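Please walk through this structure with me, from single residues up to the whole chain. Keep the sequence and the 3D view open side by side.

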Amino acid sequence: MQVSFRLGKRLLYLAMLMGLAPLANAQLRIDITKGVTDPIPVAVVPFADTPTTAGAVDIAAVIQRDLDGSGRFRSMDRKALPARPVRASEVEAARWRESRNDYVIVGRVVARGTAQTAIEFDLVNVLNGQVQLTGTETVAASQLRNGSHRVADRIYEKITGVRGAFATRIAYVSVDGQPPSQRYQLLVADADGENARVAMQSSQPVMSPAWSPDGQSLAYVSFEGRASAIYVQKVKTGERRQVSARPGVNGAPSFSPDGKRLALTLSGNTGNLDIYVLDLASLAMTRVTEDAAIDTEASWSPDGQLLYFTSDRGGAPQIYSAEPKAGAKARRVSFGANYAARPRVSPDGRSLAVVTQDSGGFRIGSVELPSGQVTILSRGTLDESPSFAPNGAVLIYAGRERGQGMLATVSVDGQVTQRLKSDQGDVREPVWGPFAN
Amino acid sequence: MNPTLPRIFATLVSVMLLASGCGTKNTHPDDAANAGTAVGADGTDAQTAGVATVDAGQGSSGRGALGPDGPLGSQRIIYFNYDSSDIRSEYAAVVAAHGKFLASNASVRVRLEGHSDERGTREYNIGLGERRAQTVRRALALQGVQESQISTVSYGEERPAAVGSDENAYSKNRRVEIVYIN
């Protein structure tokens, strides 16, 4: 009796650890599977006065992983570093050139009072000896990892000219257990897969997460009531609101760029899926499409003037667009592929990421606007759910490998791919959050 | 004797078993324990974040008398061809049996749960599962079943019956489950 009671308590503790506490060991490990042919060689020197307590953040290692993970850089192995400078004036450019680096990144950690920490850093171009960038990121002492991503963002932007998206977050769904007893979780993690936290869990399916444009909320579909319903949940507090639980399908939520409206899919009692727009303040619903076909998976253009969505009104699923108003006229926008579905609009509005199909299976494709031509970007057999990084440079998507769901990224030119390996069971439906500010 | 009569009789017996037994307790224990919990997921402050727990859903989960392990076996599951929502001829008798029972028992309600295989996008598959559930709903209505007796839900590819990325699994996943809810 005593023993089983203890075991029960331990199991409860384990359940709490797994469910509600931060997932200390949960990781999405990044493997670069294909990179650019000529990545920029950099050296990231360990930062001075980095805390050395157990579990402390190794700032240089975080920056190194971000830059390597982008596929645009190749960082020098720490053990091979020819010196350990901590400020730009200590960097002997010739020596770093000899060890075949273009850039050296050095830095130090400076306490600001008891709660704040400043990460000071220098980016030195050793080809011309110039200090390219000197900066400081000040964060709460508990936020060193986030501060490190922000340093990586600034370095990435300085060298590539493209805003970095390392200090952003992703949300995704994980599933474990075997049918019919499965556990579905909605998770939020840093863009590198670290710091995964459970936002919601259920014994019934959870799907289609979507970020609000301010990054404060997630909309998602939950079947916890044995029917589909759409919720909007505050990421920070877990507080949530049911915004649609009509008869039949409530699906595919997508926030308008101003965050005030939600495009979604309803079927009503007749089972005919159409696109609607929900005003989040008044909960007034506007029907946008009215067609006997399946119309679903709406996504807003960045200016909020158009919805792109999937419809099989022409036979196989293709992408159509319509204005987000009652009685809108739908126009087909994807051509040149037998199958195109679940569009996501690029941040610049010039292309759509979609799921398409070729002889090898379901793959991530890019639809150029306005020509509608489809280019295939990924190489899996069951790839789906593409989502743009807020800088538009990379897409995250889900695939399957040896029966397991996995997440991967691909640069929008198809040049750089990487896999994020997870120990959280089947992972799927990644959605990249907005910039933090 | 009409060969479908024993089947109809079996359906009736099973439905009665369900109605008198499992049907009175709507919540499956597995679901009551963990239907849905929302928690704060901010990286900075998760320890003190709010937790919202929601009520479990209602309805038998399909493991009652009419479930795969029940006396009727798979007779409450209708299987479909790829990308199709047409009821195959071999399932016409199954649907008819349920239809006749429901038509003569107006207080009994069913939920039609539509499913798809994993090919295609998830929300599109929700649409496909809904189409399948609607096909079965219309077939039941033709037997005289009242609209108020039937509800539909589509799970798309989210609740597979079989795991795997081959036709064997796919054929088991493209289905509508007829779930008696009282």
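Where in chain A is A:Pro370 found? The loop between β24 (361-368) and β25 (374-376) of chain A holds A:Pro370. Bear in mind that this is a predicted model. The peptide bond that leads from A:Leu369 into A:Pro370 is cis. Its omega is near 5 degrees. Most peptide bonds are trans, and most residues other than glycine have a negative phi.

A:Arg100 is not a glycine, yet its phi is positive, near 65 degrees. Look for A:Arg100 in the loop between α3 (93-98) and β4 (103-112) of chain A. A:Arg226 has a positive phi too, of about 65 degrees, and is not a glycine either. A:Arg226 sits in the loop between β11 (217-222) and β12 (229-234) of chain A.

Buried or exposed? Take each arginine in turn. A:Arg100 has 11 C-beta neighbours inside 10 Å, so A:Arg100 counts as exposed. The cut-off for exposed is 12 or fewer. A:Arg226 has 23 C-beta neighbours inside 10 Å, so A:Arg226 counts as buried. Here the cut-off is 20 or more.

Now turn to a strand. A:Leu407 belongs to β28 (residues 404-411) of chain A. A:Leu407 counts as buried because 25 C-beta neighbours lie inside 10 Å. Next, find A:Tyr172. In sequence, A:Leu407 and A:Tyr172 are 235 residues apart. In space, their C-alpha atoms are 9.1 Å apart.

Step back to chain A as a whole. Chain A has four helices and 30 strands. Its radius of gyration is 23 Å, close to the 22 Å that the globule rule gives for 437 residues, so chain A is as compact as a globular protein of that length. The C-alpha trace spans about 70 × 70 × 45 Å along its principal axes. Of the 437 residues in chain A, 51% are buried. Contacts in chain A tell a further part of the story. Among those with a separation of 6 or more, 46% join residues 24 or more positions apart.

Two helices of chain A deserve a look. Helix α2 (residues 59-69) packs against helix α4 (residues 144-160) at an angle of about 45 degrees. Their axes are 9 Å apart. α2(A) and α4(A) are therefore oblique to each other. The crossing is right-handed. On the α2(A) side, the contact residues are A:Ile59, A:Val62, A:Ile63, A:Asp66 and A:Leu67. On the α4(A) side, they include A:Leu144, A:Arg145, A:Ser148 and A:Tyr156. By class, this contact has eight nonpolar, two polar and two charged residues.

Finish with a helix pair in chain B. Helix α3 (residues 92-103) and helix α4 (residues 122-142) of chain B have axes that come within 8 Å. These axes cross at roughly 55 degrees. That angle makes α3(B) oblique to α4(B). This crossing, too, is right-handed. From α3(B), the contact draws on B:Val95, B:His98, B:Gly99 and B:Leu102. From α4(B), it draws on B:Val136, B:Ala139 and B:Leu140. The residues of this contact divide into five nonpolar, two polar and no charged.

Key:
Residues numbered from 1 in each chain as written. Chains lettered and ligands numbered in written order. Predicted model: local features only at pLDDT ≥ 70, side-chain atom pairs only at ≥ 80, totals over all residues. Rg over C-alpha atoms; globule rule 2.2 N^0.38 Å. Contact = placed C-beta atoms within 7 Å. Axes fitted to C-alpha atoms, helices over the stretch in contact; angles between N-to-C directions. Parallel < 35°, antiparallel > 145°, perpendicular 65-115°, else oblique. Left-handed = near helix turned anticlockwise from the far one by under 90°. Nonpolar A, V, L, I, M, F, W, Y, C, P; charged D, E, K, R; others polar.
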